[in-house]
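Here is a walk through one protein chain. Keep the sequence and the 3D view side by side as you read.

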Amino acid sequence: MDQVDRILAQWRTERPDLDVGPMGTLGRMSRLFRHLREELDKVYLEYGLSQASFDVLATLRRAGEPYALSPSMLIEWTMVTSGTMTNRVDRLEAAGLVERRRNPDDRRGFLVGLTEQGRVLIDEAVTAHVANQHRLTAALTAEERQAFDVLVAKWLSAFEENEG
C-alpha cells in the first residue's frame with residue numbers, strides 16, 4: 001500500500017458516495033512526474049543546462065544539418081511563447097552554445113543555430129539523457145512500456161486532437 005492508496009482509503013471512508021478511482025490514477029501520475037522531473041533535471045545540471053535550454057539545443061540538433069531553425073520553428077517545436085524563446089536564445093547565445101545567423105532564404109530574417117560548442121555539448125548531454133531514461137524506465141519490461149505508451153498516447157490524444 002502506497003501513500004495514494006492511503007489517501008484513497010480515507011476518501012472512501014469519508015465519502016463512500018464518490019468514485020475516487022481517477023484520483024488514484026492522477027495522484028500516482030503526479031507523484032511519478034515529480035520523481036521523474038527531479039531525476040531528469042540531475043542530468044541536465046551535470047551539463048550546465050536546464051530543461052528549457054536542453055529542449056532548445058536538442059530541437060536544433062535533431063533538426064539535422066545545419067542544426068539551425070527559424071525562431072518560429074523553434075517556438076512551434078518547443079511550444080513556448082515568442083518572448084520565452086527570445087530569453088532562452090539570448091541565454092544560450094551568451095553561453096556560446098547557439099548563434100543567430102542570417103537566413104539565406106529570407107534576408108530580413110535569421111536562424112538560430114548550434115555553435116560547435118553547442119553541438120558537442122548537446123551530443124554528450126543527449127547521450128546521458130537517453131541512458132538516464134533507460135534507467136528510469138527499467139522497472140517496466142519492454143512489453144509493459146509498450147502497453148503503457150499505447151495507453152498514454154490514447155489519453156494524450158484526447159487532449160491534443162483539437163489543437164492546431
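Predicted model: local features only at pLDDT ≥ 70, side-chain atom pairs only at ≥ 80, totals over all residues.

A residue counts as buried under 20% relative accessible area, as exposed over 50%, and as partly exposed in between. Thr86 sits in helix α5, which covers residues 82-94. Ile75 is eleven residues away along the chain, and 9.5 Å separate the C-alpha atoms of Ile75 and Thr86.

Now step back to the whole chain. It is divided into domain 1, residues 1-33, and domain 2, residues 48-161. The centres of domain 1 and domain 2, taken over C-alpha atoms, are 35 Å apart. An unreviewed UniProt entry lists residues 22-157 as "domain: HTH marR-type".

Helix packing comes next. Two packed helices are described by the angle between their axes and the distance between the axes. Take helix α2 (residues 21-46) and helix α6 (residues 116-136). Their axes lie 9 Å apart, at an angle of about 155°. That angle makes α2 roughly antiparallel to α6, because angles over 145 degrees fall in that class. The crossing of α2 past α6 is right-handed. On the α2 side, the contacts come from Leu36, Glu39, Leu40, Val43 and Tyr44. They meet α6 residues including Ala125, His129 and Leu136.

Helix α3 (residues 51-62) also packs on α6, with axes that come within 10 Å and cross at roughly 105°. So α3 is roughly perpendicular to α6. From α3, Phe54, Leu57, Ala58 and Arg61 make the contacts. Among their partners in α6 are Arg119, Ile122, Ala125 and His129.

The loops hold some backbone details. Which peptide bond is cis? The one from Glu65 to Pro66, with omega near 5°. Pro66 is placed in the loop between α3 and β1 (68-69). Tyr67 lies in the loop between α3 and β1 too. Its phi is near 60°, a positive value in a residue other than glycine.

Met79 also has a positive phi, near 55°. This residue lies in the loop between α4 (71-78) and α5. Is each of these two residues buried or exposed? Tyr67 has a relative accessible area of 13%, so it is buried. Met79 has 69%, so it is exposed.

Methods: Residues numbered from 1 in each chain as written. Heavy atoms only, no water. UniProt positions renumbered as here; feature names shortened; annotations may be inferred. Domains from an automatic or database assignment. Helix = DSSP H or I, 4+ residues; strand = E, 2+ residues; numbered from the N terminus. Axes fitted to C-alpha atoms, helices over the stretch in contact; angles between N-to-C directions. Parallel < 35°, antiparallel > 145°, perpendicular 65-115°, else oblique. Left-handed = near helix turned anticlockwise from the far one by under 90°. Contact = heavy atoms within 4.5 Å. Buried < 20%, exposed > 50% of the residue type's maximum accessible area, 1.4 Å probe, protein only.
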